[in-house]
Amino acid sequence: MSVTVIKPGLSSTLQDAGRAGHAALGVGRAGAMDGPAWQLANALVGNRAGEAAIECTLLGPTLKFTHASVIALTGATIGAHANGQSISMWTRCYLPAGSILQLGGMHIGCRSYLAVRGGFDVAPILGSRSSDLHAKLGHADGRSLRAGDELLIGYAAPLKWPPNPKKVQALRWGIDPLTWFDFAFQPIALLPGSHFQQLDDDSRQLLLEGKFILSKDSNRTAGRLDGHMLKLRQTLELVSEATLPGTLQLPPSGQPIALLAEAPVTGGYPRIGQIAAVDLPHLGQRRPGDTVCFHLSTMDQAASRLADRQRRLARQIDIVEQRLHEASD
């Protein structure tokens, strides 16, 4: 079983949970920018081992499925058609053999996730199938998908559903996206960084009360925030320190930079904040031109919110698995 890329979209990559634990080798995590959306797409198709999905950015790919396949789309709202028929998001969909899936532009948000039952079967590197564009790790040296690429699909037990194997079909129920997608673009929780107090008074106020705009120069490595120039009380002489996704740095330009999924493992700019892990998926769904605002958070508040999200996510996946079992009987 395989999928052939007819059109690659703007920047489509294979992503899973990422390759954690290799910072000592200089290798960052990578992985899905919106982890919950990636997990729920896999849950909807019955994948349970963290299989890789396609992360689509702003404009999705066009794909041909050589065999009958079961897919799910989550994340940013994207136009999707299979064999000319509209495809619903946040539910399980069946595609007959030979189907052409066309994914268009995203109406809200920046990243959508396409999971297929069985997962995309590419060779893992350092325990992950994620493509790291910055480090050139993953499928085809970590690059985005290109026209002509053929992606193998892993084996999964066949389903009794659907009743008509020659027709595109979707389950009548799905996951409520309002629970998992920040349509309102709420302020993002920020913990004070080691150099937060080195900002001058006006800059600290602007960081927490001002509105920033995500720059068009942003990518999976970092998001540059335009709109306000922040200043330190005095110039600092720093050595490189460990960084991770969510570290908010202040380069000499005064425009903050938020490190994202493909963050380098060290950096030498002042660390003025750390974005709460629970809100990183929300930042990952901002598109160039979208507003980004921050509010101050404590470590306890951020940890409590993350634990609550993980509990809700586990319950949602349990519900999905139960309903899929009932639909397949």
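Which residue is the bridge partner of Glu55 in strand 8? It is Tyr113, and we'll get back to that pair once the overall picture is in place.

This is a predicted model, where local features need pLDDT of at least 70, side-chain atom pairs count only at pLDDT 80 or more, and totals for chains, interfaces and linings use all residues. Residues are numbered from 1 along each chain as its sequence is written, and side-chain values use heavy atoms, with hydrogens and water left out.

**The whole chain**

Let's start with the big picture. The chain holds 5 helices and 20 strands; these are DSSP runs numbered from the N terminus, with helices (H or I) of at least four residues and strands (E) of at least two. Its C-alpha trace spans about 70 × 35 × 30 Å along the principal axes. The radius of gyration is 20 Å, which agrees with the value near 20 Å for a compact globule of 329 residues. That radius is taken over C-alpha atoms, and the globule rule is 2.2 Å times the number of residues to the power 0.38.

Of the 329 residues, 52% count as buried. Here buried means under 20% relative accessible area, exposed means over 50%, and partly exposed is in between (1.4 Å probe, protein chains only). The accessible surface comes to about 14800 Å², and 53% of that belongs to carbon and sulfur atoms; the areas come from the Shrake-Rupley method with a 1.4 Å probe.

What about contacts, meaning heavy atoms within 4.5 Å? Among those with a separation of 6 or more, 77% link residues 24 or more positions apart.

**Strands and their partners**

Two strands pair if DSSP finds at least two bridges between them.

| Strands | Direction | Bridges |
|---|---|---|
| Strand 2 (residues 13-15) and strand 3 | antiparallel | 3 bridges |
| Strand 3 and strand 8 (residues 100-116) | antiparallel | 4 bridges |
| Strand 5 (residues 69-82) and strand 7 | antiparallel | 4 bridges |
| Strand 7 and strand 10 (residues 169-170) | antiparallel | 2 bridges |
| Strand 13 (residues 222-226) and strand 16 (residues 257-259) | antiparallel | 3 bridges |

Now back to Glu55. This residue of strand 3 stands opposite Thr13, and in strand 8 the bridge partner of Glu55 is Tyr113. Strand 3 (residues 53-57) is mostly covered, with 5 of its 5 residues buried.

Strand 7 (residues 92-95) is worth a look too. In a regular strand the side chains alternate between the two faces of the sheet. Both faces of strand 7 are covered: Arg92 and Tyr94 are buried on one side, and Cys93 and Leu95 are buried on the other. Arg92 stands opposite Ala72, while Tyr94 stands opposite Gln169 in strand 10.

Further along, 8 strands make up an open sheet with mixed pairing, in the order 19-12-13-16-15-18-11-20. Strand 19 (291-292) and strand 20 (294-296) stand at the edges with a single partner strand each, so one side of each has no neighbour in the sheet.

**A stop in helix 5**

Finally, find Ala314 in helix 5 (residues 299-328). Is Ala314 buried, exposed or partly exposed? Ala314 is partly exposed, because its relative accessible area is 39%. The C-alpha atoms of Ala314 and Ser130 are separated by 22 Å, and the two residues are 184 residues apart along the chain.

How values were computed
Contact means heavy atoms within 4.5 Å.
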